[in-house]
Amino acid sequence: MPHRWLILAVLCVAQLVVVLDNTVLTVAVPVLTTELDASTADVQWMINAYALVLSGLLLTAGAAADRYGRRRMLLAGLVLFGLGSLVAGLASTSGQLIAARAGMGVGGALLVTSTLAVAMQVFDGPERSRAIGIWAATSALGFAVGPPIGGTILAHLPWGAIFLLNVPIVLACLLVGRVLVPESRGPGGGRLDVWGATLSTAGLTAVVFSIIAGPERGWVSTEVVGAAVVGVVLLGLFVSWERRITHPMLDMHFFRDRRFVGAVSGVVLITFGATGALFLLTQHLQFVRGYPAWEAGLRMAPFALSIVLLNVSGVAAAVIRRLGLAAAIAVGMALLAAGLAAVTLVSSDGYAVLLGGLLVMGVGCSLANPAIVEAVMSAIPAEKAGAGAGVDGTMTEVGSSLGVAVLGAVLNARFAALLPAGLAGAQSYPAALAAADGPQRAAVTSAFASALETGQLVGAAAVLAGGLLAAALLRRAG
């Protein structure tokens, strides 16, 4: 198809702004707290409203792309994301910003699913593997460059510019996408599965909320346990409903395919370990090495840039084809685990060891991420590309949320165990440091560094185990 690489560029830019809005806001928290008079709960909802809505709607958005047209849903997602960004940038209260972020989540869900689904239609053969690799690399780039971009904007412009800069980008994608992106949709008919969409959205939102809220509100608190139970019940009802209707939103027969089950399990396992471990690494850079959030993100940039370079050049796709999907996932995750372990265990205050570890991690992710996405998408018929993208996106969000929550809990538990007796009640590193007197401050810092080391090593082990298990499941499925 002519212009296919230009189409991919539009898809990747759209995907990039979605991922950026998951990370760029972290550096703006102090400014938002002051200028909008936001409470701690307000700030949490400013960040989480976007992630919760996006996570809850991914399955529905993927089904909508197949049913109503992938190009149409791509353009609709751009419009909603752009309008949400405009409202967010002009917000004058916490409530307005939270509502705008939720609206952006609706657009983000449509973009995550439609960009991947369109790429699956535009490319085929070896080029498809390379295109998927570039699409997947975009997410890593957004994760790393969000904080430094946010910090740079805040250094020169008001905080609203973080969101308003999305508007011209979205408009450019809309204009080019409307002209170049071809329309495609699945051949199935039938009415919109309203009950399926409602049950899946409510169930996934409740489950992801319980995962996000667990570390702070307590895993056995009434609201966390209640949300988890409600979410599981609703998802159970969703599965039952989808098995009974003629035109389901998500065909449950996919889960009889061992290759599909292995690929989906791999997405959760890999994102659990990788996202959780990278989250702890950013904590290490900020709290142990003392870098501000934007500078920590800047120092993480070689990780993302190496992923982008290896995928854009086609090197990663060629290696994946030579190794096969299962072996590429195993090798990639082993490299990611090795790089993370090296960064954790090799004591050095300089940047050389960190840079080397990040580059090894980047090589690992450049192999494993595209391979697992391709494994999911190749296990479903091409006409169900939107549904496949919805499943991949949902499992990625669930795995990422679990990784941050569980490895964060490991960090907190270890930190609490190592704190001096007089500070045992401190809930966080900043709180413990504020309560400590002179001699105790060094002990608090040492305790947190040791706790981070434990968490990062657990993360590295989870990355390795998840990669090997995912590879084994795919190999067994044949």
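Reader: Does Arg299 count as buried, partly exposed or exposed, and at what relative accessibility?

Author: Please bear in mind that this is a predicted model. The general idea is that a residue under 20% relative accessible area is buried and one over 50% is exposed. Arg299 has 23% relative accessibility, so Arg299 counts as partly exposed.

Reader: Which residue meets the side chain of Arg299 in a salt bridge?

Author: A salt bridge is read from the distance between a side-chain nitrogen and a carboxyl oxygen, which must lie within 4 Å. The side chain of Arg299 meets that of Glu295, with 3.3 Å from N to O. Glu295, at 21% relative accessibility, counts as partly exposed. Both residues belong to helix α12 (residues 293-312), and because they are 4 residues apart, about one helical turn separates them. Arg299 also lies over the face of Tyr351, at 5.3 Å from the ring centre.

Reader: Where else does a charged end sit over a ring, as with Arg130?

Author: The charged end of Arg130 is placed over the ring of Trp5, and the distance to the ring centre is 5.3 Å.

Reader: How many salt bridges does the structure hold?

Author: There are 5 salt bridges in the structure. One of them joins Arg101 to Asp21, with the closest N and O atoms 3.6 Å apart. Arg101 is in helix α5 (residues 94-122) and Asp21 in helix α1 (residues 4-23), so this pair ties together parts that are 80 residues apart in sequence.

Reader: Is Arg101 buried or exposed?

Author: Arg101 has a relative accessible area of 1% and is therefore buried. Asp21 also counts as buried, at 1% relative accessibility.

Reader: What are the closest N and O atoms of Glu223 and Arg217 separated by?

Author: In the salt bridge of Glu223 with Arg217, those atoms are 2.7 Å apart. Glu223 has a relative accessible area of 41% and is partly exposed. Arg217 counts as partly exposed too, at 32% relative accessibility.

Reader: Let us turn to the rings. How many aromatic pairs does the structure hold?

Author: Two rings are treated as a pair when their centres lie within 6.5 Å, and the angle between their planes then gives the kind of pair, with planes under 30 degrees apart counted as stacked. The structure holds 7 aromatic pairs. Among them are Trp45 and Phe209, whose ring centres are 6.2 Å apart and whose planes stand at 10°, so the pair is stacked. Trp45 lies in helix α3 (residues 40-68) and Phe209 in helix α9 (residues 194-217), so the pair links parts that are 164 residues apart in sequence. Trp45 counts as partly exposed, at 34% relative accessibility, whereas Phe209 counts as buried, at 18%.

Reader: How are the rings of Phe254 and Phe260 arranged?

Author: Their centres are 5.7 Å apart and their planes are at 50°, so the pair is tilted. Both Phe254 and Phe260 are buried. Together with Phe255, Phe254 and Phe260 form one aromatic cluster.

Reader: How far apart in space are Gly332 and Gly364?

Author: Here one compares separation along the chain with separation in space. Gly332 and Gly364 are 32 residues apart in sequence, and their C-alpha atoms are 3.7 Å apart. Gly332 lies in helix α14 (residues 325-345) and is buried, with a relative accessible area of 0%.

Reader: In which helix is Ala274 found?

Author: Ala274 is in helix α11 (residues 258-288). Its relative accessible area is 10%, so Ala274 is buried. Ala274 and Ala462 are 188 residues apart along the chain, and 8.1 Å separates their C-alpha atoms.

Notes
Residues numbered from 1 in each chain as written. Predicted model: local features only at pLDDT ≥ 70, side-chain atom pairs only at ≥ 80, totals over all residues. Heavy atoms only, no water. Phe/Tyr/Trp six-rings, centres within 6.5 Å; stacked < 30°, edge-to-face > 60°. Helix = DSSP H or I, 4+ residues; strand = E, 2+ residues; numbered from the N terminus. Buried < 20%, exposed > 50% of the residue type's maximum accessible area, 1.4 Å probe, protein only. Lys NZ or Arg CZ within 6 Å of the ring centre and 35° of its normal.
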